[in-house]
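The account below goes from the chain to one strand and its neighbours.

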Amino acid sequence: MLIDSHAHISDTKFNEDRQVIIDKAFNSGLKYIIEVGCEPQFWDKVVELSKQEKIYSMFGLHPQDADKFNDELLSKLKTLLSNKKCVGVGEIGLDYHFEGYLKDLQKEIFIKQINLALEINKPICIHCRDAYDDMIEIFKTFKQLPKGVIHCFSGSFEQAKEVLNMGFFIGIDGPCTYPKSSKLTKVIENVSLDKLLVETDCPYLAPQKYRGTRNEPSYVVEVAKKISEIKQIPFEEVCKVITRNTIELYKLED
Ligand SMILES: [Zn+2]
């Protein structure tokens with residue numbers, strides 16, 4: 001039984017068949033879905049979705065939206081984070097991928113949200129793209145860090161070791177199934193199963209089998225299969241350990 005620990009089923013790409021996809025996921029054997037609300041325009045929808053029994057939520061401001069941060073948004077965020085189905089702060093972080101990104105502002109808002117997570121004692125889900133060194137530098141400035149996961153990990157094994165030493169989990173997504181994934185394969189090979197989570201990040205990043213189509217929570221099984229293949233650990237064992245990791249990190253009902 002797996003958990004999709006990172007989904008965006010509030011995305012407009014699910015407007016036509018959202019409940020069908022949710023039902024399909026649970027019928028296929030998923031235990032839970034953690035729905036991530038990181039864009040303010042979707043926050044209300046995420047709250048609605050998390051009223052369903054097996055859907056948890058998470059809220060934060062995505063680095064690409066860093067310029068939207070203000071006092072009003074912060075107070076709304078605090079209210080959302082106090083929801084009993086909300087299990088973490090995320091996704092938050094740094095994204096230097098697209099030209100024109102606001103580096104200093106992204107750092108400032110990331111740090112603010114890490115502090116917020118410490119204040120409310122909830123784990124963080126980190127989005128980091130093309131910014132691993134800066135992320136690690138920021139972590140080093142904290143005497144104490146929240147627990148958390150580097151979602152959709154795309155760094156090197158060296159960088160993985162650094163964040164593992166800081167107590168973080170590594171989130172693995174569809175790209176591990178792509179033919180050109182040797183860097184990620186090395187990470188999966190060398191990181192203990194105890195430190196891995198699986199996620200879809202749907203509707204994006206469909207695994208190889210469904211590549212080019214919309215991703216959905218039930219496809220998380222493809223990620224677990226690939227981990228089982230790479231690490232040569234039986235699939236059932238992979239599911240068991242990773243589900244336990246997710247339950248422990250986010251304090252989900254067992
Ligand atoms: Zn995401």
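Of the chain's 254 residues, 45% count as buried, meaning that 20 or more other C-beta atoms, placed from the backbone, lie within 10 Å of the residue's own. The model is a predicted one: local features need pLDDT of at least 70, side-chain atom pairs count only at pLDDT 80 or more, and totals for chains, interfaces and linings use all residues. Numbering starts from 1 along each chain as its sequence is written.

The chain has 9 helices and 8 strands, taken as DSSP runs numbered from the N terminus (helices H or I, at least four residues; strands E, at least two). Its radius of gyration over C-alpha atoms is 17 Å, close to the 18 Å of the globule rule (2.2 Å times the number of residues to the power 0.38), so the chain is as compact as a globular protein of 254 residues.

Strand β2 (residues 32-37) has 6 of its 6 residues buried. In a regular strand the side chains alternate between the two faces of the sheet. Both faces of β2 are covered, with Tyr32, Ile34 and Val36 on one side and Ile33, Glu35 and Gly37 on the other.

Strand β1 (residues 3-7) pairs with β2 in the parallel sense over 3 bridges, where pairing requires at least two DSSP bridges. Ile3 stands opposite Tyr32. From β1 the chain passes through helix α1 (residues 18-27) to β2 in a right-handed β-α-β crossover, that is, clockwise from first strand over helix to second with the strands pointing away from the viewer.

Strand β3 (residues 55-59) runs parallel to β2, joined by 5 bridges; Tyr56 in β3 is the bridge partner of Ile34. Helix α2 (residues 43-49) carries the chain from β2 to β3, and this β-α-β crossover is right-handed.

Conventions: A residue is buried if 20 or more other C-beta atoms lie within 10 Å of its own, exposed if 12 or fewer, and partly exposed in between; C-beta atoms are placed from the backbone.
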